[in-house]
Amino acid sequence: MALNKKERKLPKGIYLHQNGYYLGRFQYLGDKYEVYDKELKTCIQMLEDKKYEVRHGLFAKTKNIAVRDWFQTWIKEYKELNVKEGTIQVYKDAYRLYIEKAIGNKKINTIRGEHIQKIYNDLKRKGYSKSTLEIVATVLSGMFKQAMKNELISKNPVVLATLPKQEEKAKVKVMSLEEEKLFLEYAKESWLYTLIFVALFSGMRSGELRALRWKDIDFSNKLIHVRKSLLYLNKDYKIGLTKTKSSVRDIPMLDIVEKTLRQHKKEQLERKMLLGDKWKAKEGMEDLVFPSDTGYPMNRDRLKVQVNKIVDAIRKNGYNDFPHITPHVFRHTFATRCIESGVKPSILQKVLGHSKISQTMDLYVHALPDAKFFEMQKIANII
């Protein structure tokens with residue numbers, strides 16, 4: 001006989017799941033039915049209501065809706081008008097890559113908790129990151145919550161599954177001050193030197209940098225207005241919204257950044273004149289600060305390629321232990337230099353465009369030990 005947490009007998013057909021939910025189950029004419037709720041009393045009532053509906057023909061099972069069909073409906077009718085284009089693409093990719101093969105062909109009302117759990121576990125076994133699993137969970141949760149609201153299913157199987165425990169988050173990769181100086185020296189030979197320089201002294205994301213327009217560069221007030229991000233959707237470039245609302249921000253322009261950008265603008269105008277008709281700017285994006293070398297919006301992979309070439313050149317010249325880095329390391333390196341220089345976390349949060357200060361501190365706590373040591377010396381000086 002099923003027992004609840006207090007070891008009391010539960011009514012027939014009622015079970016307590018390990019996640020704390022009460023499940024009500026019964027069969028009728030060969031079909032299985034389930035209901036669930038956090039409250040025992042509610043679950044009992046739901047079970048009785050469901051039995052009545054089924055036995056009196058008031059409950060019509062939706063046997064003909066496949067998961068893949070419902071996903072398309074969910075995206076089109078419930079998401080496309082409410083979230084950013086970039087997010088829609090992330091959801092579509094997550095479904096196509098990680099969900100479709102596993103349950104796409106199944107009828108939506110046949111999906112059980114173990115089906116969802118297997119998706120999570122398989123991704124974990126294959127070494128996918130925590131962020132990938134969380135995106136998959138977000139898609140599945142959204143799909144099935146809406147299906148339940150629409151009365152396509154009587155229970156949400158996603159709540160019966162648990163994301164596998166993840167290993168401790170890897171430490172943020174950051175260049176040391178010496179590595180940063182060395183990297184910048186070698187980067188001078190790259191046609192993307194100015195972009196790299198601005199990234200290292202502003203903390204902007206790759207998409208934000210590649211979406212920058214000259215109208216966003218406020219030389220008079222020495223500000224960089226971050227308003228948009230460059231997206232690549234359906235084989236085309238678009239200027240879209242930033243990652244979050246807090247990502248819309250104004251970044252103070254350091255003197256060295258201002259000088260570098262003024263020179264870059266001059267050289268860009270000269271290159272436009274030199275190339276003439278070969279300068280192929282995309283309509284509506286003619287004033288990009290950092291386009292490709294022919295004026296078209298720049299793919300993020302081109303930046304990655306240049307970074308790899310710079311690292312290779314450094315290693316070939318005897319610095320064999322120089323770390324492998326990605327463009328996002330520039331942002332982490334900038335933030336670390338700020339903390340090392342005494343910039344208040346609350347100010348850094350605004351410069352980086354983080355929504356919460358805890359996010360800033362969680363990412364860059366590695367930069368604090370030396371600062372802590374410095375502050376502790378103040379106590380020694382008092383005694």
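How many aromatic pairs does the structure hold? The structure holds 13 aromatic pairs, where rings of Phe, Tyr and Trp (its six-membered ring) count as a pair if their centres lie within 6.5 Å. The structure is a predicted model, in which local features need pLDDT of at least 70 and side-chain atom pairs count only at pLDDT 80 or more, whereas totals for chains, interfaces and linings use all residues. Residues are numbered from 1 along each chain as its sequence is written, and side-chain values use heavy atoms, with hydrogens and water left out.

**View 1. The aromatic pair of Tyr98 and Tyr128.** The ring centres of Tyr98 and Tyr128 are 5.1 Å apart and their planes stand at 70 degrees, so this pair is edge-to-face (planes under 30 degrees apart count as stacked, over 60 as edge-to-face and the rest as tilted). Because Tyr98 belongs to helix α3 (residues 85-103) and Tyr128 to the loop between α4 (113-125) and α5 (130-149), the pair ties together parts that are 30 residues apart in sequence. Helices (H or I, at least four residues) and strands (E, at least two) are DSSP runs, numbered from the N terminus. Tyr128 has a relative accessible area of 33% and is partly exposed (buried means under 20%, exposed over 50% and partly exposed in between, with a 1.4 Å probe and protein chains only).

**View 2. The aromatic pair of Tyr193 and Phe197.** This pair is tilted, with 5.8 Å from centre to centre and 45 degrees between the planes. Tyr193 and Phe197 both lie in helix α7 (residues 193-200), where they are 4 residues apart, about one turn of the helix, and both are buried.

**View 3. Charged ends over rings, at Tyr15 and Phe219.** The charged end of Arg25 sits over the ring of Tyr15, 5.5 Å from its centre, and that of Arg262 sits over the ring of Phe219, 4.2 Å from its centre. A charge sits over a ring if NZ of Lys or CZ of Arg is within 6 Å of the ring centre and within 35 degrees of the ring normal.

**View 4. An open sheet of 3 strands.** The strands follow the order β1-β2-β3 with antiparallel pairing, and two strands pair if DSSP finds at least two bridges between them. The edge strands, β1 (14-16) and β3 (31-37), each pair on one side only. Strand β2 (residues 22-28) pairs with β3 in the antiparallel sense over 7 bridges, and Leu23 stands opposite Tyr36 in β3.
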